[in-house]
Amino acid sequence: MIKRTKMPSLAVKNLLAEKTRLLISVGGVALSVLIILVIISLYSGWKDLIANYIRSIPVDFWVTQEGAADMSHSVSILPSSLKGTLEQIAGVGEVHRLVGRQISLDVKGEEVHLRVFGYDTQTGIGGPPRMLRGKNTPSRGEIVIDRVFAQENKLNVDDELTIADRTFKVVGISDDGNYIFAQLAFIPIEDAEDLFEMQVFTNWFLVKAKAGEDLASLKVRLEDLTSGLTVSPKQEFLEENQKLVTETFLPIIGVLVFISFLVGVAVVGLTVYTATIEKSREYGVLKALGASNSYLYRTIIIQSLISGVLGFILGTALSYGVNYVAIYFVPEFVTKVRIPDVIGVFGAVVVMSIIASYIPIRRIAQIDPMKVFKS
Amino acid sequence: MKVLELKEISKIYDEGKPTEVRAVDGVDLAVSAGEVVLVMGPSGSGKTTLLSIAGGILKPTAGQVFWDGNEITRLSERELPHLRLYGAGFIFQTFNLLTNLTALENVALTVNLAGGKGKKAQEKAEDLLRTLGLEKRFYHLPRDLSGGEKQRVSVARALVNDPRTILADEPTANLDSKAGHDVAELLRDVAKERSKAVVVVSHDQRIRDIADRVLWLEDGKFKELAQMATDPTCGMKVEQKVENPHLMVGAETYYFCSEGCKQEFAGKKSHLPQNKWRSLKK
């Protein structure tokens, strides 16, 4: 009795027959996918980082000095007395002051950076986004610091920090406050007023509308209040602040992703090309027998796609692994692998494989079937 | 009706250039079903070019090729490959089996190329390989087959889509005596029992024994075989021309394909009387 098995295609057979070459090809794509996915997930992660704090504050509008809606690149100084005026506007439910600034300080002999926010500890609005351990509401002379800052500087609850000659006791560790170049810390607003000499000034007013209020018309009313104000709905304010990442890093990321893409194309292209050269006589035989060009092209594209897809699977798995492990060693390595990004990278791999097939296909097109008659 | 017919076929490479070569020059050939035609000739005489033109791989510069009365020379490069799958089977000197496919896959692939699918294609390939005595070699890769077995797989591949014409290029050149003899007989059986028109390009005497007709191609033209002599050293057919290397031994003239063969023959002259030798080397 003859065993009858499903016969794999020529493309699969040729690919599997040269395991080392397949490994190089898959490895090349995997490396490319790994780099692309890590860069993109780092970008997404950082973009998210910037947004986390703003997103965590349950308000509808951020009111700043005109043109100072970007917390990283501008300083907003407003009179604290504006709070009462804002509260008078129809439709306004709550108004909260937020005082904050990026400062440098010395920790264990090293200069480090903190973005310190003073908030109303009675309401908690503007406070730590997510507590990991310790007290979530600092009292006077106390501070809640971010996890990354604590980890990098080997600080923990009950340690002390000296900021501008004032000593703060660390009472809590919070998360989601990593601003890449500096981390967030939270103190009572009274301490912030003293620290930054901001008793009569406020950096930002956080406005919450009354329930059911039309936000668009409230925005107009807030803007009409006085000139020199920028009233940003929360999402708009969030996006404005994300520009630190989107505008600074996007072009760099774009270049890196493009280079990685080219590396992938080159590796797959080269391995498929050498395989094609090596088998050019066999492709000539197929041509002589009567195989159509489309069949031969399909064979090449399938080989390229299989290498690409295997590389994608390996690269994606590796990128999850790298992201998982790296954060333990590099706290700033905050990544976020988004499914749409993974799907996008898969699309890029398919494009990569098809582009990589182009030169081998051209080579096949040039093969003269007559050569098969030569021994 | 002739299965294969070539009318006034010419093939000129690099036409109009200083490197112009007239490989085939106004050749006519007609082959019937069940007939084995052997084409012989010196190296570079245009045999392979003629075979390629007959098989629809190469377009002639002039002339017409007919398969079963249908002209294929009019067809486009796009149409010809598909036609080849059904119209002509090729057998090559170096077998040209696909190295990563088993014997069965090599044959079945040709069925697949012609549109045959899955189980049916496999069964068709199995049946043919079984007929050719290869039932125990289905799952062997070419590297695990002997030369004779490879050529039988190659014959199976040529036959599997049931083409009317089989074109073989030196099919026994890489085979030992026994395998060569078997393949020669197989080609005869293919012609006689399967009613194929078989055209073989070869220098092999074993093929000559099974051929219905022997043609001599030289300088792109068929010549009368009566004017040909056999090189006593290598057995190759050579034209009886005074320009060719030759030796007169008494009343007899020997013709050679090359000076090498002539020298080799002359080196063995010791068994003949010394005064019998007279070189007429040009």
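**Close-up views of a predicted two-chain model**

View 1. A:Ser76 sits in the loop that runs between strand E1 (61-65) and strand E2 (78-79) of chain A, where helices (H or I, at least four residues) and strands (E, at least two) are DSSP runs numbered from the N terminus. With a relative accessible area of 0%, A:Ser76 is buried, a term that stands for under 20% relative accessible area, as exposed does for over 50% and partly exposed for values in between (1.4 Å probe, protein chains only). A polar atom of the A:Ser76 side chain lies 2.8 Å from the backbone nitrogen of A:Gln65, and a polar atom of that side chain lies 2.6 Å from the backbone oxygen of A:Asn203. Not counting residues up to four places away in sequence, A:Ser76 touches A:Thr64, A:Gln65, A:Ala68, A:Thr202, A:Asn203 and A:Trp204, contact being heavy atoms within 4.5 Å.

Residues are numbered from 1 along each chain as its sequence is written, and chains are lettered from A and ligands numbered from 1 in the order in which they are written. Because the model is predicted, local features need pLDDT of at least 70 and side-chain atom pairs count only at pLDDT 80 or more, while totals for chains, interfaces and linings use all residues; side-chain values use heavy atoms, with hydrogens and water left out.

**View 2. The largest nonpolar core, with A:Trp62 and A:Leu286.** A nonpolar core is a set of buried Ala, Val, Leu, Ile, Met, Phe, Trp, Tyr and Cys residues joined through side-chain atoms within 4.5 Å. The largest has 69 residues, of which A:Trp62 and A:Leu286 touch the most other members. Helix H2 (residues 19-56) of chain A gives the most to this core, namely 16 residues. Leaving aside neighbours within four places in sequence, the contacts of A:Trp62 include A:Ile54, A:Met71, A:Leu98, A:Trp204 and A:Phe237. Another core, of 42 residues, lies apart from this one and has B:Val36, B:Leu145, B:Ala179 and B:Leu186 among its members.

**View 3. Helix H8 (residues 280-289) of chain A.** This helix is largely enclosed by the rest of the structure, because 9 of its 10 residues are buried. Among the buried residues of H8(A) are A:Glu282, A:Tyr283, A:Leu286 and A:Lys287. After H8(A) comes A:Gly290, with a positive phi near 125°.

**View 4. Positive phi at A:Lys154 and A:Asp176.** Most residues other than glycine have a negative phi. A:Lys154, however, has a phi near 50°; this residue is placed in the loop between helix H4 (147-152) and strand E7 (160-163) of chain A and is exposed, with a relative accessible area of 67%. A:Asp176, in the loop between strand E8 (166-175) and strand E9 (183-188) of chain A, has a positive phi near 65°.

**View 5. The interface of chain B and chain A.** Here 36 residues of chain B are in contact with 26 residues of chain A. The two chains bury about 2,800 Å² between them, 64% of it on carbon and sulfur atoms, buried area being the accessible area (1.4 Å probe) that two parts lose on being put together, summed over both. In chain B, the residues that lose the most area to chain A are B:Leu98, B:Asn100 and B:Leu113, together 20% of what that side buries. The side chains of A:Lys13 and B:Glu105 meet in a salt bridge at 3.1 Å, N to O, the term requiring a side-chain nitrogen of Lys or Arg within 4 Å of a carboxyl oxygen of Asp or Glu.

Technical notes:
A polar contact is a pair of N or O atoms within 3.5 Å; within protein, one must be able to donate a hydrogen and the other to accept it, and residues adjacent in sequence count only if both atoms are side-chain atoms.
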